[in-house]
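Please examine the sequence and the structure shown below before reading the explanation.

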Amino acid sequence: MIIEPKIRDFICTTAHPTGCVQNVKNQIEYTKKQGKKEGPKNVLIIGCSTGYGLASRIAATYTFEAATLGVMFEKPSNGRRTATAGYYNTKAFEQEANKDGFYAKTINGDAFSKEVKEEVIETIKRDLGTIDMIIYSLAAPRRKMDDGTTYASALKTVGETFSNKSLNLRTNEVIMASIEPATEEEISSTVKVMGGEDWKNWIEALYHANVMSEHVTTIAYSYIGPELTYPVYYEGTIGNAKKHLYETSNLLNTMWKEKGLTAYVSVNKALVTQSSAAIPIVPLYIALLYRVMKDRNLHEGCIEQINRLFHEKLNGEAIVDSEGKIRLDDFELRQDVQDEIKKRWELVTTENVKELSDIDGYWKDFYQIFGFGFDEVDYSQDVDLEM
């Protein structure tokens with residue numbers, strides 16, 4: 001079958017298996033060039049199939065020569081439709097890692113569930129014994145509890161409606177967009193889905209099962225962003241959830257200090273993702289950010305960020321800010337970068353958006369999430385949907 005991208009709203013409903021393979025290979029090659037270093041040898045990645053989770057798995061394997069166990073929630077092909085990009089990414093990674101002599105297994109299921117936690121624990125006991133590092137990189141729109149209750153996250157403000165410039169992704173026009181305030185129920189539901197409760201549940205389950213090494217490190221990924229996006233992100237429903245995630249890191253450090261656990265929140269830079277594309281105002285900010293950072297040779301994608309995390313920020317004692325957070329957003333929040341973005345934000349219109357921002361780079365990143373837009377791939381060729 002010849003596969004083409006099909007865009008609906010803010011997602012692509014198809015994925016290209018060969019393109020996803022190329023995406024994984026490119027990240028592996030980049031990581032190999034950064035060199036190896038000592039580090040954890042058995043790594044669990046919760047949310048391993050795309051973005052920062054996939055990059056973490058690749059970087060752990062080819063930087064530390066670690067065995068990796070991944071958890072994902074992805075759909076295989078049914079023979080008529082493509083699998084999800086995360087499914088193809090994971091299959092591609094497993095094939096490459098196994099070929100290079102590394103252990104790489106993946107459990108496909110709901111990471112929030114008790115059943116998946118139990119399956120992970122049994123796999124660790126059988127195959128690895130204990131684990132040295134846990135990466136928590138879960139991005140989910142909803143969470144089903146063990147009692148059947150389902151919580152859904154909401155991308156809204158807290159307190160007041162917020163209006164500002166935004167990018168119409170269907171037309172690339174600069175428009176005005178508004179985000180309505182969330183109800184108290186929506187705020188608490190977003191914290192349930194995107195906060196730190198499940199991260200804590202994972203750590204407790206792993207410790208009680210005695211599958212942690214003595215000095216284990218766990219890292220959850222977050223985002224803060226600049227003041228420009230505070231109302232929609234840092235001070236919005238998502239920001240509330242991320243604050244809870246940070247509070248959870250402090251709680252984990254207190255609860256498990258005597259066991260040797262160290263928990264960090266790594267604050268990463270803004271990148272094109274399926275979720276960020278759905279948040280008004282944010283895509284325009286990212287398009288401007290890309291242009292400004294690329295002009296200064298500061299731009300990083302997921303794999304560059306995670307390699308810098310492993311090589312520089314976790315080099316011996318972790319390099320953290322005054323609150324104990326790892327800051328991979330340090331280049332994004334540089335004063336000269338943000339000053340230039342503010343200047344362009346005031347000037348940007350539909351007529352000059354291509355000149356002032358990197359819309360082409362935005363869309364290239366968007367399509368590559370789903371395996372499209374790689375120069376090395378001939379998209380006119382028939383491909384096997386089931387890889």
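The coordinates come from a predicted model. Its open sheet has seven strands in the order 5-4-3-6-11-12-13, and their pairing is parallel. Strand 5 (104-108) and strand 13 (326-327) form the edges, each pairing on one side only. In general, the strands of a sheet pair through backbone hydrogen bonds, in either a parallel or an antiparallel manner.

Within this order, strand 6 (residues 131-136) and strand 11 (residues 212-222) run parallel and are joined by five bridges. Ile131 stands opposite Met212 of strand 11. Helix 7 (residues 237-255) packs on the sheet, where it touches strand 11 and strand 12 (262-267). The direction of helix 7 makes about 155° with that of strand 12.

By class, the lining of the second largest pocket consists of seven nonpolar, five polar and four charged residues.

Finally, an unreviewed UniProt entry lists residues 320-383 as "domain: Enoyl reductase FAD binding". In the model, the end C-alpha atoms of residues 320-383 lie 45 Å apart. This span is 44% helix and 3% strand.

Terms used. Residues numbered from 1 in each chain as written. Predicted model: local features only at pLDDT ≥ 70, side-chain atom pairs only at ≥ 80, totals over all residues. Heavy atoms only, no water. Pairing = 2+ DSSP bridges. Helix = DSSP H or I, 4+ residues; strand = E, 2+ residues; numbered from the N terminus. Contact = heavy atoms within 4.5 Å. Axes fitted to C-alpha atoms, helices over the stretch in contact; angles between N-to-C directions. Nonpolar A, V, L, I, M, F, W, Y, C, P; charged D, E, K, R; others polar. UniProt positions renumbered as here; feature names shortened; annotations may be inferred.
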